Each structure stands twice: as structure tokens, then as C-alpha cells.
Amino acid sequence: MSRFTLGKRHDPHGGAAGAPEDPMVRQYRYLLRTAPADALEAAHTEALPLLSEGHRQTVLETVRSSLLVGDHLTTGDHVRLAHLVTEGERRTPGQLLAGLPEEVLQELATTVLESESSFGLLGGYAHWDGAEPQRADESAWADGGFDPKAGRWDARDDTRGGRGFEAGAGPSR
């Protein structure tokens with residue numbers, strides 16, 4: 001279960017569950033869930049150099065432990081670290097944020113929100129309920145329509161022309 005629910009913060013370290021979430025952290029979560037990835041990356045690229053060295057190190061260590069990537073990075077690799085933070089939160093919402101100490105999370109959230117790249121990205125925030133998005137059901141993409149027994153792609157009907165893709169036929173028009 002995510003530690004963030006409907007504007008309430010659930011402390012994974014045994015603190016008071018249901019304590020109100022910091023407003024800047026809540027707005028930051030909104031950006032992470034709704035803003036385009038390129039805008040988020042740009043905002044993080046602007047924000048990371050402004051964090052204290054210790055907090056950048058904590059963000060890097062959290063990326064390494066939570067996402068199991070970034071072993072080759074240093075705290076000076078702002079662009080790559082920004083990319084990992086953005087992609088990590090897109091793939092597994094809340095995982096990286098849950099690993100950050102409250103003080104670091106608050107500084108990161110505030111710095112990202114104050115960056116030029118995040119300007120104008122809070123449209124719709126007033127109507128957001130704060131809930132984490134449901135994970136998309138990706139089971140339909142698991143095999144992509146490939147039939148391993150037949151050694152070919154399924155000839156499924158598509159919406160464009162009423163016939164599926166057949167070997168050598170090319171796409172329907």
C-alpha cells in the first residue's frame with residue numbers, strides 16, 4: 001500500500017499514520033503523476049543542483065536502493081539523475097518518494113516546484129483527490145499477439161480495415 005492516500009501521509013517508519021501531508025510534497029506528487037515526462041525531467045535537472053550536497057547524495061542513494069539503478073552516477077550527474085527520478089516514479093509511483101527522508105523530500109519538492117520548468121503544470125491540482133493512480137493492466141501486451149506454436153503473429157481483427165495483419169500483407173488501409 002502506498003504511504004500517500006487522499007492527502008494523508010502514512011509514515012513507513014512507524015510514525016503517526018494519517019498525519020496531513022506537507023502541501024509542497026502533495027503538489028510535487030501531483031506533478032509526478034500528471035506532468036509530461038520531459039517537463040518533469042527539465043524541472044528535476046534545474047532543481048537537483050540547488051539541493052545541498054548531502055541531500056543530493058541521499059536522492060542518489062535512494063535511487064540506487066529503490067530502483068536498483070544508478071551505481072555509476074555521482075551527485076554531479078544532474079541530467080541522468082533527473083531522468084532516473086522521473087522514470088522511476090512513472091514506472092512505480094511512490095516507491096522513490098517512500099524511500100526519501102521527509103526533510104530531503106520536502107527540499108526536493110519545493111525546489112522542483114519553484115523551477116521554471118514546472119511553471120504552469122499545476123492546472124487541475126485543485127480537483128485532484130491525492131490518490132495514487134491504479135497500475136495499468138498490461139497483460140494484453142504480454143505476448144503482443146505472437147503465437148509461438150504457429151511461429152507467427154495472430155491475424156486479429158483491427159479497427160482500421162476489418163482484417164488483421166497477415167504475413168506479407170502489410171498493414172490494412
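**View 1. The protein chain has an accessible surface of about 10,200 Å².** Carbon and sulfur atoms account for 54% of that surface; accessible areas come from the Shrake-Rupley method with a 1.4 Å probe, and for residues only the protein chains shown count as cover. Please keep in mind that this is a predicted model, where local features need pLDDT of at least 70, side-chain atom pairs count only at pLDDT 80 or more, and totals for chains, interfaces and linings use all residues. Residues are numbered from 1 along each chain as its sequence is written, and side-chain values use heavy atoms, with hydrogens and water left out. Of the 173 residues in the protein chain, 35% are buried (buried means under 20% relative accessible area, exposed over 50%, partly exposed in between, with a 1.4 Å probe and protein chains only).

**View 2. Six helices and five strands build the protein chain.** Both are DSSP runs numbered from the N terminus: helices are H or I with at least four residues, and strands are E with at least two. Starting at the N terminus, their order is β-β-β-α-α-α-α-α-α-β-β. Among contacts with a separation of 6 or more, 59% join residues 24 or more positions apart (contact means heavy atoms within 4.5 Å).

**View 3. The mean pLDDT of the protein chain is 76.** This score is the predictor's confidence in each residue, from 0 to 100, and 65% of the residues reach 70 or more. Over residues 1-16 pLDDT stays under 50, and the model has 40 contacts beyond four places in sequence for them. Residues 157-170 also have pLDDT below 50, with 21 contacts in the model beyond near neighbours in sequence.

**View 4. Helix H3 (residues 53-67) packs with helix H4 (residues 78-91).** Two packed helices are described by the angle between their axes and the distance between the axes. For H3 and H4 the angle is about 50° and the axes are 11 Å apart; axes are lines fitted to C-alpha atoms, for helices over the stretch in contact, and angles run from 0 to 180 degrees between N-to-C directions. H3 and H4 are therefore oblique to each other (under 35 degrees counts as roughly parallel, over 145 as roughly antiparallel, 65 to 115 as roughly perpendicular and the rest as oblique). Their crossing is left-handed, meaning that the near helix is turned anticlockwise from the far one by less than a right angle, whereas clockwise is right-handed. On the H3 side, the residues in contact include Val 59, Leu 60 and Val 63, and those of H4 include Leu 81, Leu 84 and Val 85.

**View 5. Leu 40 lies in helix H2 (residues 37-47).** Leu 40 is buried, with a relative accessible area of 1%. Beyond its neighbours within four places in sequence, Leu 40 touches Leu 31, Leu 32, Ala 35, Thr 86 and Arg 90. Leu 121 is 81 residues away from Leu 40 in sequence, yet their C-alpha atoms are 9.4 Å apart.

**View 6. H2 and H6 pack at an angle of about 115°, their axes 8 Å apart.** That makes H2 roughly perpendicular to H6, and the crossing is right-handed. Ala 43, His 44 and Ala 47 of H2 meet Leu 108, Thr 111 and Val 112 of H6.

**View 7. Leu 105 sits in helix H6 (residues 102-113).** Leu 105 is buried, with a relative accessible area of 0%.
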